[in-house]
Amino acid sequence: MKPFTPEIHWDETVISIRDLYKSFGQNHVLRGVNLDLHRGENIVVLGRSGTGKSVLIKIISALLYPDSGTVNVLGLEVETLKHDELRDLRLKIGFCFQNGALYDSMTVGENLAFPLRRNMPHMSKRERDERIATVLEAVGLSQTINQMPAELSGGQRKRIGIGRTLILRPEIMLYDEPTAGLDPITCTDINNLINEVQKRFKTSSIIITHDLACAKATGDKIAVMKEGRFIKEGSFEEVFSDNDELIREFYDYNFIQ
Amino acid sequence: MGSTERSEQPVITKGIDKFFLNFYDILKFVLRFFKEMFTPPYEGREFVRQCYYIGNKSLLLITLTGFITGLVFTKQSRPSLAEFGATSWLPSLISIAVIRALAPLVTALICAGKVGSSIGAELASMKVTEQIDAMEVSAINPFKYLVVTRVMACMLCVPLLMAYTGLVAMTGSYLDIHLNEQTSLAIFVQNAFEKISFLDFFSSFIKTLFYGFTIGIVSCYQGYHATQGTQGVGKAANVSVVISMFLIFIEEIIIVQVINMLR
Ligand SMILES: Nc1ncnc2c1ncn2[C@@H]1O[C@H](COP(=O)(O)OP(=O)(O)O)[C@@H](O)[C@H]1O
Ligand SMILES: [Mg+2]
């Protein structure tokens, strides 16, 4: 069970989503999503695969555009941003992809250096190396700096993926299925890492998962998604204590998985 | 979108259909290329690295094919010329064939096979493993970094490789002629360049510039828009080669017509 997080600023919203709709042709994926993420908070979005969880965070980081509704991130309407404004906003949002999405032609160290080189060209090499070392230490993989992504295990790759997004010091972290496809022990490691990142780097996060253990360990709040909208929100106990048919169904599904 | 779904049409012709249906997308892709090509910052290092890869990947095959083309073409042409006692025309016949047609085409087809497929597969695998999205969200312009550099590298390297192919093919031809007709190098070179004009070099250069552009754009487009997981990677590589080659032949026909009007 996740301990109480004292650092949440309930008076400050970093992401605010209202009436979000998104369809791909006849496939109506998001059908009226509303969500508020407060500064310092970890929200877990729980839902079966194919319910549109990834689409939701891709809209937040402007990889996809919504059909209607508004997405406000750090006080800015994502859809209306100009090229340069979007670029600046993206530096404040860290997106952790499902399988790490490491650049497989580069070593771990180069993977971490790449976003820095591009976005902070005036940073000195020493400062860059220091940042890389800090991040690698934070994800517990300092020894892999010269390895290629192909030589890493699935769990290590996800950690480096998280590290690569941390290197730009984002205010918001979006995790796409951080524990999918990992063994239970590695899952626990990743869950701890997510909580540590929240504390140490003072991030606010949206964590997407269909893994109840991950939701329980990392979420200050759980939001359950079904058929393109949130059907239930609250702490883990609030969501799972009652005998709501839909929630039970999800619980069963998770055990079968 | 299940992976078990079987389409009736073979993958390749379906790819070609799709390519032309997506004509508007492709046009946008090409326009974006020209727009981003001229806006700074420029990705010099990645461009040089791509040029190196292209050369590295195709040089051995091009050397071998170029040499054999020159040698065999000389051997095959000799009997026909010998009938008229005109084997002394061999050098100029070969040089016209090599510089006007063989070198550009051989180079382009080999590059389409080697370079096109590898660019298609590389970008497609980056796409399906979300590496391209990862660049986008960390405020790096993936189009500029991946597409512009590769297309420009193709546009530089295919003409250079064509010049090299021509040289190697002429060497192969010279060896055969030297062994059979005892022609000296000086005479061979003099004969070879007798019937060749500046327009021939120029048109071959322009042709290969178009071929390089075609190979780069087609394979980058296929890779950049790959879908369907790992299956899409093989498909992108495959379709890149087929469509590049197809377009190269069409361009060859058109450009030859235009050049002949100028002549
Ligand atoms: N770029 C896209 N184009 C078309 N359909 C998409 C695209 N991205 C996602 N979808 C569809 O949206 C639905 C939800 O996808 P996704 O958000 O990835 O689900 P999940 O909740 O498992 O992350 C799926 O049916 C998927 O096929
Ligand atoms: Mg997903």
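Which elements of chain A each supply at least two residues of the shell around ligand 1? I looked: strand 2 (27-39) and helix 1 (53-60) do. Helices here are DSSP runs of H or I with at least four residues, strands are E runs of at least two, and both are numbered from the N terminus.

**Ground rules.** I am working with a predicted model, where local features need pLDDT of at least 70, side-chain atom pairs count only at pLDDT 80 or more, and totals for chains, interfaces and linings use all residues. Residues are numbered from 1 along each chain as its sequence is written, chains are lettered from A and ligands numbered from 1 in the order written, and side-chain values use heavy atoms, without hydrogens or water.

**Ligand 1, shell.** I listed the residues around ligand 1 (a heavy atom within 4 Å). Among them are Phe24(A), Arg48(A), Gly52(A) and Lys53(A). Helix 1 of chain A gives the largest share, three residues.

I checked N or O pairs within 3.5 Å. The side chain of Ser54(A) has an N or O atom 2.6 Å from a ligand 1 oxygen. For Gly50(A), a backbone N or O atom lies 2.7 Å from an oxygen of ligand 1. The Asn27(A) side chain places an N or O atom 3.2 Å from a ligand oxygen.

**Thr107(B).** I then turned to chain B. Thr107(B) sits in helix 4 (residues 90-128). Is Thr107(B) buried or exposed? Thr107(B) counts as buried because its relative accessibility is 0%; the cut-off for buried is under 20%, with a 1.4 Å probe and protein chains only. Leaving out residues up to four places away in sequence, I found that Thr107(B) touches Ile62(B), Val158(B), Leu161(B), Met162(B) and Thr165(B), with contact meaning heavy atoms within 4.5 Å.

Methods. Buried means under 20% relative accessible area, exposed over 50%, partly exposed in between (1.4 Å probe, protein chains only). A polar contact is a pair of N or O atoms within 3.5 Å; within protein, one must be able to donate a hydrogen and the other to accept it, and residues adjacent in sequence count only if both atoms are side-chain atoms.
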